[in-house]
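Subject: Structure handover and notes on one helix pair

Dear colleague,

I am passing on the structure below, and my notes follow it. Please read them beside the coordinates.

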Amino acid sequence: MTELKEPIDQRLAKGARARATIARRAAELASVDGLEGLSIGKLATDLGVSKSGIATLFGSKEALQLAAVQTGRDVFIERVIVPALGVPRGMERLRALMERWFAHIDESPFPGGCFREATLSEFSSRPGAVRDAIVADHDDWLAFLTGEVRKAQELGALVDTDADLLVFELDALFAAANIARQIDDSARVAAARKIVAKLLAE
């Protein structure tokens, strides 16, 4: 039984690694060309693998797009949220989240900048599973951020601030900062940093 199971486990692990590699490259390409610009053929050529291999792993373009969205989400969580969770809740964590968010824009792991910002604008008016996944990811992040603002308020900071409005303003500023970074406008990125610092002044 063990002798039969081991090769199957190895194949599953190999398939999972291949899926992760392909999804990561799909997210990188989509950050520049858009999710609609993704094609199994182009991805296969880029990675030096067969089209049939990618088709077997993902089945459809939509499944590939959804895998790219999940990869973008996972990378954001890993780079922005997880490091800040080690910081005490309140203003200290809020500021840590802002710093990690700016770092994610300044040193983006994706050639097209923040994956979420790129795909939100692309799919905002396109109904379907991909749009639903992108919107759900965005909503999850804003809800998490709003929760952190409210915790800071419970601890005595930002007492006269509307938490929902503040998060809306922060989201808009980071979207603008991402565009500024992509067009090498460091002055506007710096301006966004200053505005965020003022918004979070206790």
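The crossing of α8 and α9 is left-handed, a term used where the near helix is turned anticlockwise from the far one by less than a right angle, with clockwise being right-handed. This is a predicted model, in which local features need pLDDT of at least 70 and side-chain atom pairs count only at pLDDT 80 or more, while totals for chains, interfaces and linings use all residues. Residues are numbered from 1 along each chain as its sequence is written, and side-chain values use heavy atoms, with hydrogens and water left out.

Helix α8 (residues 163-182) packs against helix α9 (residues 186-199) at an angle of about 165°, and their axes lie 8 Å apart; helices here are DSSP runs (H or I, at least four residues) numbered from the N terminus, and axes are lines fitted to C-alpha atoms over the stretch in contact, with angles running from 0 to 180 degrees between N-to-C directions. The two are therefore roughly antiparallel to each other (over 145 degrees).

In contact terms (heavy atoms within 4.5 Å), residues of α8 including Leu166, Leu170 and Phe174 meet residues of α9, among them Val189, Ala192 and Val196.

Elsewhere, aspartate 74 is placed in helix α4 (residues 61-84), and its C-alpha atom is separated by 19 Å from that of phenylalanine 123, 49 residues apart along the chain.

Best regards

Terms used
Angles under 35 degrees count as roughly parallel, over 145 as roughly antiparallel, 65 to 115 as roughly perpendicular and the rest as oblique.
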